[in-house]
Structure formats: C-alpha cells, structure tokens
Amino acid sequence: MYKFGKQSKVRLAKVHHLLQELAYATIKKSEYDFGIPNTGGLRTAEMQKELYDKGYSKLDGYKKKSYHQTGLALDMVPYIEGKYTWQNKTAFLHIARTAFEVWNQLENHQGLFLHWGGFWRAKDLNDNNLLDLDDKLGWDLPHFELRNKAQANAMDIAELLANI
Ligand SMILES: [Zn+2]
C-alpha cells in the first residue's frame, strides 16, 4: 500500500476536503504510487501564469482562471522509480479508474461532480462508446476537478474506465 510523502500532504491540505478524501482513499487502493507535484494543488495567479507562459496550461490565471486557483482541482501524477512521470498512460488510467471507484463510494458529494482531464476529449469516444487508449485520451491525464455539473458525454465515467 502506498502513502503520500510529506510534500504531497502539504499540497493536499490546501485543496477542497473532498479532493483530500478522494486522494487519500485512492492512494490506499492504487497499484501505482503517485503524488501531488509542485504545481498540482492550490496555485496562485502567478504560478498559473508561469505555467501558461511555459505552454503547460491554457489558462493564464488572470483573464482565465484555473480551478487550481480555488482549491477545486488536483493533479495526481504517477511516482515511479523515484520520480514523477507523465509518460505512463497505464498508470494514469489506473489512478483515474481507482479515483472514480472511490468517488462513487463517498457518502456525500455535496452537489459536486468529479471531472477528469483525461475526458476532456470525450467527444472522441469510438463507435463502441469507449475511449481509445492510444490517441483519444484528453491531454490532461493527472487533472481532477470538482464542478457543479456532470462532465459532458461521460455519464458513467467509472464504467467507461472499466471498459478501456
Ligand atoms: Zn490540473
């Protein structure tokens, strides 16, 4: 069973408590270790702008704000062989699947819905209503956020993930 390191815990403490519950329960069940990298939790507008300037985000932090700036978003990144890796799709999928299983078991969602950056291109579902692992996943695999509407076109995300 994996556990969060000190830095991940510090970052987690600043996001919405449902994301905290989600993350702690997910790492207990996950077969892959993961953590919350430097910019994966709460961000200031300055941090957001820096990511935007580097091309890592489409939101500049001022005119277009990220959910990371209000504590409603969290990035969970696989931690493999001593470092964060953004390349392992299988690990990201496993983490997302586990996260949605956990989410569905939480008692009170407080009217919020879990969105996953891997489904930001969910319109690209194939004929069988499934995502193609190779090139059809959304671009932001580490990203989870809480919104007050369900994620478009992904009615039962957990089921969808189970079938990939
Ligand atoms: Zn994010």
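**View 1. Pairing of strands E1 and E3.** In this predicted model, strand E1 (residues 34-35) is paired with E3 in the antiparallel sense over two bridges, where strands are DSSP runs (E) of at least two residues and helices are DSSP runs (H or I) of at least four residues, both numbered from the N terminus, and where two strands pair if DSSP finds at least two bridges between them. Across this pairing, Phe34 stands opposite Pro78 of E3. Residues are numbered from 1 along each chain as its sequence is written. Because the model is predicted, local features need pLDDT of at least 70 and side-chain atom pairs count only at pLDDT 80 or more, whereas totals for chains, interfaces and linings use all residues.

View 2. Strand E4 (residues 83-84) runs antiparallel to E3, to which two bridges join it.

**View 3. The largest nonpolar core.** This core has 28 residues, of which Leu19, Ala23, Leu74, Met76, Ile95, Ala99 and Phe144 touch the most other members. At least two residues of the core come from each of helix H2 (17-29), strand E2 (73-75), strand E3 (77-80), helix H4 (89-105), strand E5 (113-116) and strand E6 (143-147), and H4 gives the most, with eight residues. A nonpolar core is here a set of buried Ala, Val, Leu, Ile, Met, Phe, Trp, Tyr and Cys residues joined through C-beta atoms within 7 Å; a residue is buried if 20 or more other C-beta atoms lie within 10 Å of its own, exposed if 12 or fewer, and partly exposed in between, with C-beta atoms placed from the backbone. In soluble globular proteins, nonpolar side chains tend to be buried together.

**View 4. Surroundings of Ile95.** When neighbours within four places in sequence are left aside, Ile95 is in contact with Thr26, Ser30, Tyr32, Phe34, Met76 and Pro78, contact meaning that the C-beta atoms of two residues, placed from the backbone, lie within 7 Å.

**View 5. Tyr52 in helix H3.** Tyr52 belongs to helix H3 (residues 45-53) and counts as partly exposed because it has 17 C-beta neighbours inside 10 Å. Not counting residues up to four places away in sequence, Tyr52 touches Ser57, Leu59, Asp60 and Gly61.
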